[in-house]
Amino acid sequence: MSTPKGSLSTTEGFICGGIAACIAVTVSNPAEVAKTRLQLQGELAKGGGEKVYKNALDVFAKTWRNEGIRGLQRGLTPAYAYQILLNGSRLGFYEPFRKNINEFIGRGPAEQIPFTSVLAGATSGAVGASLGNPLFLIKARMQAYSPALPVGAQHYYKNAFHALSTIYKQEKLRGLVRGMDAAILRTSMGSSVQLPSYNFTKNQLVTSGILPANSTWTFLLSSTVSGMCVCIAMQPADTALTRMYNQPTKRNEAGKLVGALYKNPFDCLWKTFKVEGVRGWYKGSTAHFLRIAPHTIVTLTANDLIVNLYKSIRDGDN
């Protein structure tokens, strides 16, 4: 079935979204390393425990001093693969999901309806999170590892392939899908607001005559607003996900390896709240914003630019 001129197929949207996300993760990965280590610092310790890092900038400085650029970019390889799956799914499946949901409820596919936009964003994000769970798992563990200033449980892997094979040998498939429920929760919360807030802001800027539709400033401003919304919505679930992935394991009575600290993301959030309070949920929030803002800006801006460039080449526009 041919794709109408001016629109993208699901495959084309997936590829363009994946390329945009890889560009973004190169910029945002150091902040992700800082966020991960701050979220694990003082885990389930009354009073916050010993502080290895003071704040996000302190993580950058100490990691650079002790581990160099390799430390700041830990987990970059699985991050690339994860972003292709996650954002390729989120950006590639969002529009088809939204249009189909609109048609299902008897509305026009082009209509921007808040409810269907949020539902499409959450659904496309959940698909991406499920596909990329093993990659996010090893990324989080690799980013948490520090030979100089360790925080939380430490998992040493030579590379992404070594990580995947080690986990599979020890825990089989169960180990690779560990934390998937937390990943779906986190990504659904973020995805439910990322594209709807981006599209809403962009539409308001264009329809109000503030900025033209294809202006880079329109993309940047819309992406900034979207990044703020994602950070606010996703932070508690993001902390739960990091801790679920990185927790040590133990054998239960049936001989299966299970998490030693948390049963599920809600158990993690509850235990964190009881010991560390609401502040425990928002550990690393500054680093999270330093990651999510440029990541969202670069992802969505690059996606729009890549899509427009691809369409001009594909359709032969001058």
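## Buried or exposed: a starting point

A residue is called buried when its relative accessible area is under 20%, exposed when that value is over 50%, and partly exposed in between. Glu32, with a relative accessible area of 4%, is therefore buried. The model you are looking at is predicted, and Glu32 will come up again as we walk through it.

## The overall picture

Let's begin with the whole protein. Its secondary structure comes to ten helices and two strands. Starting at the N terminus, the elements follow the order α-α-α-α-α-α-α-β-β-α-α-α.

Buried residues account for 52% of the 318 residues.

Helix α1 covers residues 10-40. It has 31 residues, yet its end C-alpha atoms are only 37 Å apart, short of the 45 Å that a straight helix would reach at 1.5 Å a residue. Look along α1 and you will find a kink of about 50 degrees at Ser28, shortly before the proline Pro30. Of the 31 residues of α1, 23 are buried, so this helix is largely enclosed by the rest of the structure.

## Charged pairs

Side chains of opposite charge can pair when their charged atoms come close. A search of the whole structure finds 17 salt bridges. One of them joins Lys139 and Glu32, whose closest N and O atoms are 2.7 Å apart. This pair links distant parts of the chain, with Lys139 in helix α4 and Glu32 in helix α1, 107 residues apart. Lys139 is buried, with a relative accessible area of 4%, and Glu32 is buried as well, at 4%. Both residues belong to a network of salt bridges that links Glu32, Lys35, Lys139, Arg186, Asp238 and Arg291.

Another salt bridge is formed by Glu12 and Arg314, with the closest N and O atoms 3.0 Å apart. Glu12 sits in helix α1 and Arg314 in helix α10 (residues 285-314), so this pair also links distant parts of the chain, 302 residues apart. Glu12 counts as buried at 15% relative accessibility, whereas Arg314 is partly exposed at 26%.

Asp58 and Lys62 form a salt bridge, the closest N and O atoms being 3.1 Å apart. Both lie in helix α2 (residues 56-72), four residues apart, about one turn of the helix. An α-helix has 3.6 residues a turn, so residues three or four places apart point the same way. Asp58 counts as buried at 13% relative accessibility, and Lys62 is buried at 19%.

## Positive phi angles

Which residue just after α1 takes a positive phi? It is Gly42, with a phi of about 70 degrees. Leu44, in the loop between α1 and α2, has a phi near 55 degrees, a positive value in a residue other than glycine. Leu44 counts as partly exposed, at 26% relative accessibility.

Lys172, in helix α5 (residues 160-176), has a positive phi of about 60 degrees although it is not a glycine. Lys172 is partly exposed, with a relative accessible area of 49%.

## A strand and a surface patch

Thr249 lies in strand β1, residues 249-251, and counts as partly exposed at 32% relative accessibility. Thr249 and Leu261 are twelve residues apart along the chain, and their C-alpha atoms are separated by 8.0 Å.

To finish, turn to the surface. Trp270, Phe273, Val278 and Tyr282 form a nonpolar patch there, with about 390 Å² of accessible area together. Trp270 is found in helix α8, which runs over residues 265-276.

Conventions: Residues numbered from 1 in each chain as written. Predicted model: local features only at pLDDT ≥ 70, side-chain atom pairs only at ≥ 80, totals over all residues. Heavy atoms only, no water. Patch = residues over 30% accessible without salt bridge, like charges linked within 9 Å, V, L, I, M, F, W, Y side chains within 5 Å. Areas by Shrake-Rupley, 256 points an atom, 1.4 Å probe, with all protein chains shown as cover. Salt bridge = Lys/Arg side-chain N within 4 Å of Asp/Glu carboxyl O. Buried < 20%, exposed > 50% of the residue type's maximum accessible area, 1.4 Å probe, protein only. Expected span 1.5 Å × (residues − 1). Bend = angle between axes of the 7 residues up to and from the residue.
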